[in-house]
Amino acid sequence: MDQRMEEMKFMGFSSIISHSFKTIFTWKKTFSLITLTLIQPLTLIFIAHMHFSYFFYDQIEPNPFQLFLGAFDSYKSYYNQNTTPDDWRSYFLFKFITLAMITILCVLSTACIVYTIASDYSGREVTYTKSMKVVPKVWKRLTLTLLCMYLSLFAYALIASVAIFICSSVVTQGPGNVFMLIYGIGYIYWFLYLSIILQIASVVSVLESSYGIKAMIKAMDLMNGKRKTALAVSYVLYQFLLCVVYVYMAFVVYNNAGLAPVWRVAIGIICGLLFVVIFLLFVASETVLYLVCKLHHGETIDPTSLSTYLSSYLSDSRPVFRTGEDIQLGRPQNQLVSQV
């Protein structure tokens with residue numbers, strides 16, 4: 001194992017974030033084009049979703065700040081609104097279209113960014129055109145993995161909601177507050193754990209043969225030994241994202257401070273730029289984290305083998321490993337066979 005691999009093997013939170021930024025600035029032209037064509041539209045859809053929800057579906061999604069103030073009572077009556085079946089059909093159609101657009105852009109941006117960072121690691125020259133050529137080869141695998149991610153998060157949220165509803169109904173207010181504090185800490189921990197598994201699984205879907213549930217299991221195995229580092233990366237990025245969402249919702253969408261339009265526009269632009277940085281950093285850091293986890297488990301990532309694998313995305317054939325084996329980028333190249 002060379003010095004570079006040895007250094008990456010022991011990377012912590014700060015090193016992963018700094019290495020992600022370093023890679024982005026090293027290939028600033030490629031990442032600038034990815035940002036303009038993929039990350040920026042993703043950000044605009046994310047922002048538009050908040051505004052459309054406020055203007056057209058406020059009867060279904062009340063002001064979240066009022067929801068915080070009402071605590072238990074607001075939670076119980078959250079969906080007890082005077083809405084018609086047509087309102088609900090329109091609402092779910094809106095959510096479906098938004099989720100579909102976000103999924104498409106997530107597939108495109110993840111494939112491009114993962115390929116770019118992996119190419120940097122292998123010492124390959126990478127351009128925006130080359131990174132876009134990866135998409136047709138991996139979009140099916142990556143889409144299936146994202147669908148598994150959505151189902152997992154939905155199941156987790158559903159179980160958590162049922163648990164909160166039951167406990168809020170049977171527990172009195174005093175012990176209930178203590179329980180909610182403990183429950184909240186546990187919820188955040190397992191949400192971050194699940195999120196980082198799903199993020200690494202998306203990288204696995206691009207660089208390995210596994211996808212869907214198998215990619216999630218692979219990601220879970222890779223996290224062993226690096227769980228604290230992975231949780232730290234996930235926690236900080238999500239905290240940063242939540243803070244920006246809070247500021248945008250409070251001062252731009254709901255305008256709780258009663259600001260003049262010029263200030264709302266200025267805050268909106270700043271938050272929009274921060275959203276772009278966060279979304280880009282999410283995918284970049286999860287790719288670096290994947291490489292760190294692989295090295296931590298002794299799966300040496302040979303740059304030559306990785307370069308050979310990545311170059312196949314630009315041709316009609318893609319190298320695969322023997323049936324039943326996961327791709328290990330550090331194995332000798334004679335284990336590779338060509339599949340047209």
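Visitor: Which residue forms a salt bridge with Glu-208?

Guide: A salt bridge is a side-chain nitrogen of Lys or Arg within 4 Å of a carboxyl oxygen of Asp or Glu. Here Lys-294 pairs with Glu-208, and their closest N and O atoms are 2.9 Å apart. Lys-294 sits in helix α11, while Glu-208 is in the loop between α8 (173-207) and α9 (213-223), so the pair ties together parts that are 86 residues apart in sequence. Searching the whole structure turns up one salt bridge.

Visitor: And what should I know about the model itself?

Guide: It's a predicted model, where local features need pLDDT of at least 70 and side-chain atom pairs count only at pLDDT 80 or more, while totals for chains, interfaces and linings use all residues. Residues are numbered from 1 along each chain as its sequence is written, and side-chain values use heavy atoms, with hydrogens and water left out.

Visitor: How many residues does helix α5 have?

Guide: Helix α5 (residues 85-122) has 38, and it reaches 55 Å from first C-alpha to last, close to the 56 Å expected. Just after α5, Gly-123 has a positive phi of about 85 degrees.

Visitor: How do I describe two helices packed together?

Guide: You give the angle between their axes and the distance between the axes. Axes are lines fitted to C-alpha atoms over the stretch in contact, and angles run from 0 to 180 degrees between N-to-C directions. Take α2 (residues 13-26) and α11 (residues 261-296): their angle is about 115 degrees, with axes 9 Å apart. That makes α2 roughly perpendicular to α11 (65 to 115 degrees; under 35 is roughly parallel, over 145 roughly antiparallel, the rest oblique).

Visitor: Which residues of α2 make the contact with α11?

Guide: Contact means heavy atoms within 4.5 Å. On α2 they are Ile-16, Ile-17, His-19, Ser-20, Phe-21 and Ile-24, and the α11 side includes Leu-280, Ala-284 and Val-292.

Visitor: At what angle do α2 and α10 pack?

Guide: α2 and helix α10 (residues 227-253) pack at about 60 degrees, with their axes 9 Å apart. That makes α2 oblique to α10. Phe-13, Ile-16 and Ile-17 of α2 meet Thr-229, Ala-232, Val-233 and Val-236 of α10.

Visitor: And at what angle do α3 and α5 cross?

Guide: The axes of helix α3 (residues 28-56) and α5 cross at roughly 160 degrees and come within 10 Å. That makes α3 roughly antiparallel to α5.

Definitions and conventions: Helices (H or I, at least four residues) and strands (E, at least two) are DSSP runs, numbered from the N terminus. The expected span of a helix is 1.5 Å times one less than its number of residues.
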